[in-house]
Amino acid sequence: MSAHATPDGLLVPTGHGRTLAVPAHQVTFKVTGEHARAASSFEVVVPPGFDVGAHVHAHSEELFYLLEGELEVLAFEPRVRTRDDWRNWESSSGRRTVRATPGTVIVVPPGCPHAFANRSGEPAKMFFQASPPPDHERYFEELLEILDGGGPPDHAAIAALRARYDIEQLTPMRHDASPPPGP
């Protein structure tokens with residue numbers, strides 16, 4: 001390559017990208033650390049009943065953009081971090097969880113507790129960016145391998161995985177075919 005040559009950009013057409021799918025989650029890798037230095041990008045399908053559980057990253061920054069469906073979301077430090085369920089958390093300024101609809105953007109800086117859950121009866125789809133790459137790429141590959149085991153999630157294996165990838169789990173990850181009623 002000459003001193004004035006620039007690298008080509010990346011174009012990922014609709015429906016393309018490497019997809020990993022299990023009943024609890026589906027992730028399509030759109031942009032990986034192979035192609036970008038700033039962030040990895042994914043399209044994520046969140047099935048009914050899936051709750052990622054509240055968690056926090058010490059170093060990673062994330063962006064979520066809801067494309068289809070509805071998700072209950074959280075992105076704030078609560079007054080009290082209860083260990084069982086994040087749905088009733090409230091910030092010191094009175095912020096509470098939000099029902100996100102298509103077009104909603106959630107930006108999560110390092111250190112900010114956050115969560116999402118699909119409490120509707122329909123799948124939701126979101127665009128998701130994680131910075132820096134490639135940690136979330138590797139995390140998704142290993143997480144979906146654990147979730148593909150069938151039965152309830154292996155919480156010990158997920159906890160060990162998350163500890164390796166800058167994820168402090170605050171409430172449990174859940175996947176239930178019959179979502180709990182809304183708050």
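**Notebook: cavities, pocket and patch**

I started with the largest cavity, which has a volume of about 150 Å³. The model is predicted. I listed the lining of this largest cavity and got 19 residues; nearest its centre lie Val 52, Phe 116, His 136, Tyr 139 and Phe 140. β6, β10 (114-117), β11 (124-131) and α1 (135-147) each give two or more residues to that lining. The largest share is from α1, with four residues. By class I noted twelve nonpolar, five polar and two charged residues in the lining of the largest cavity.

Next I took the second largest cavity, at about 90 Å³. I found 13 residues lining the second largest cavity, and the closest to its centre are Phe 64, Val 73, Ile 106, Ala 115 and Phe 116. At least two lining residues each come from β6, β7 (71-75), β9 and β10. Here the classes read twelve nonpolar, one polar and no charged.

Then I looked at open space. The largest pocket holds about 180 Å³. Its lining includes Pro 23, Ala 24, Ile 146, Leu 147, Asp 148 and His 175. I logged six nonpolar, three polar and two charged residues for the lining of the largest pocket.

Last, the surface. I found a nonpolar patch of Tyr 65, Leu 67, Val 105 and Val 107, with about 330 Å² of accessible area together. β6 (61-68) and β9 (105-108) each give two or more residues to the patch. I checked Leu 67, which sits in strand β6.

Notes:
Residues are numbered from 1 along each chain as its sequence is written. This is a predicted model: local features need pLDDT of at least 70, side-chain atom pairs count only at pLDDT 80 or more; totals for chains, interfaces and linings use all residues. Side-chain values use heavy atoms; hydrogens and water are left out. On a 1 Å grid over the protein atoms alone, a cavity is a set of points where a 1.4 Å probe fits but cannot get out, and a pocket is an open set with protein on both sides within 12 Å along at least five of seven lines; lining residues have an atom within 4 Å of a point. Grid points are joined across faces, edges and corners, and a volume is the space filled by probe spheres set on the points. Ala, Val, Leu, Ile, Met, Phe, Trp, Tyr, Cys and Pro count as nonpolar, Asp, Glu, Lys and Arg as charged, and the others, Gly among them, as polar. Patches are made of residues with over 30% relative accessible area and no salt bridge: like charges are joined within 9 Å, nonpolar side chains (Val, Leu, Ile, Met, Phe, Trp, Tyr) within 5 Å. Accessible areas come from the Shrake-Rupley method with a 1.4 Å probe; for residues, only the protein chains shown count as cover. A salt bridge is a side-chain nitrogen of Lys or Arg within 4 Å of a carboxyl oxygen of Asp or Glu.
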